[in-house]
Amino acid sequence: MRLHLERTRFHVLQQDPPWKVVRAFSQPAGGSLVHLNNVSGGVLAGDRLALEVALEAGAEAQITTTGATRLYRHRPGAGDSEHSAVFRIGDGARLEYLPDPVIPYAGSRHTQRTTFHLAAGASLFWWEVLAPGRHASGEIFAFDRLCFQSEIRARDRPLLLESFLLEPAARPLTVTPRMRNYSYLASVYACQEGRAPAFWCELEDRLNNAAKEKCRPGEALWGASTLAADGVVVRGLCASNRFVSPALIDFWRLMRLAVTGEEPVLPRKIY
């Protein structure tokens, strides 16, 4: 799928099943809200999903999903499923990429690659949530393999380069160096090309103060850290999804107010 956003106008250059975008919704400040819909209901073994998004200079877009990304069981003879997303954010443009959680079903094998390219003065707000599986069905860390690769660059300078591989059968996640008794992993990022390092250090302190109020041993742990430049991340481990969404929204609000001076607008969904 290839999407193009120019100011408040939205163009779909190409889309093929299972992903589909129906329309864009106008937001109060003039940006566009876009819903990504997987019409198959999930990601099947062997699927190769590719998303490309380009924001023209000065454009503002909020992209979200219509539901969680469900990763289905691997089938013998099929390859691992893959999801690649590349976002190019033009001069002074702003992207908010706020997808629902990734839920790996038992036996699933998946690789996810997410890349952002920020031009001069561009801004990014992005969150990502990994669930343990179908919790109600007892599928906690029952997937075979998950690989997550994330990259953020500002004018070709690397701000974030991250790659991690989870294989619960070979390396149990319920040990202290990994996730201990926590089952959800969440991250929220804020970046703006060209900001002074002192700005991000001050925001890191404010976010860490907010994180301390949300930390409950055995239930939720949160902490903030600056990126290599031009950004900050808050990351959390939670025992239940009920500790995830409210915290992400609060951190996002603090970040957005600091970076843009504006209150965030939640996507048109129920949280």
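# A tour from a loop to the aromatic rings

Start by selecting S137, which lies in the loop between β13 (123–130) and β14 (145–154). Strands are DSSP runs of E with at least two residues, numbered from the N terminus. The model is predicted: local features need pLDDT of at least 70, side-chain atom pairs count only at pLDDT 80 or more, and totals for chains, interfaces and linings use all residues. Residues are numbered from 1 along each chain as its sequence is written, and side-chain values use heavy atoms, with hydrogens and water left out.

S137 has a relative accessibility of 52%, so S137 counts as exposed. The cut-offs are under 20% relative accessible area for buried, over 50% for exposed, and partly exposed in between (1.4 Å probe, protein chains only).

Next, select Q62 in strand β7 (residues 60–65). Is Q62 buried or exposed? Its relative accessibility is 0%, so Q62 counts as buried.

Move to T114 in strand β12 (residues 109–118). T114 is buried, with a relative accessible area of 5%. Beyond its neighbours within four places in sequence, T114 is in contact (heavy atoms within 4.5 Å) with residues including A85, F87 and W126.

Now turn to the rings. Rings of Phe, Tyr and Trp (its six-membered ring) pair if their centres lie within 6.5 Å; planes under 30 degrees apart count as stacked, over 60 as edge-to-face and the rest as tilted. By this rule there are 11 aromatic pairs. Select F116 and W126: this pair is tilted, with 4.8 Å centre to centre and 50 degrees between the planes. F116 is in strand β12 and W126 in strand β13, 10 residues apart. Both F116 and W126 are buried.

Then select F148 and F164, whose ring centres are 5.4 Å apart with planes at 5 degrees, so the pair is stacked. F148 is in strand β14 and F164 in strand β15 (residues 157–166).

Finish with F87, Y97, F116, W126 and Y189, which ring pairs link into a cluster.

Technical notes:
Helices (H or I, at least four residues) and strands (E, at least two) are DSSP runs, numbered from the N terminus.
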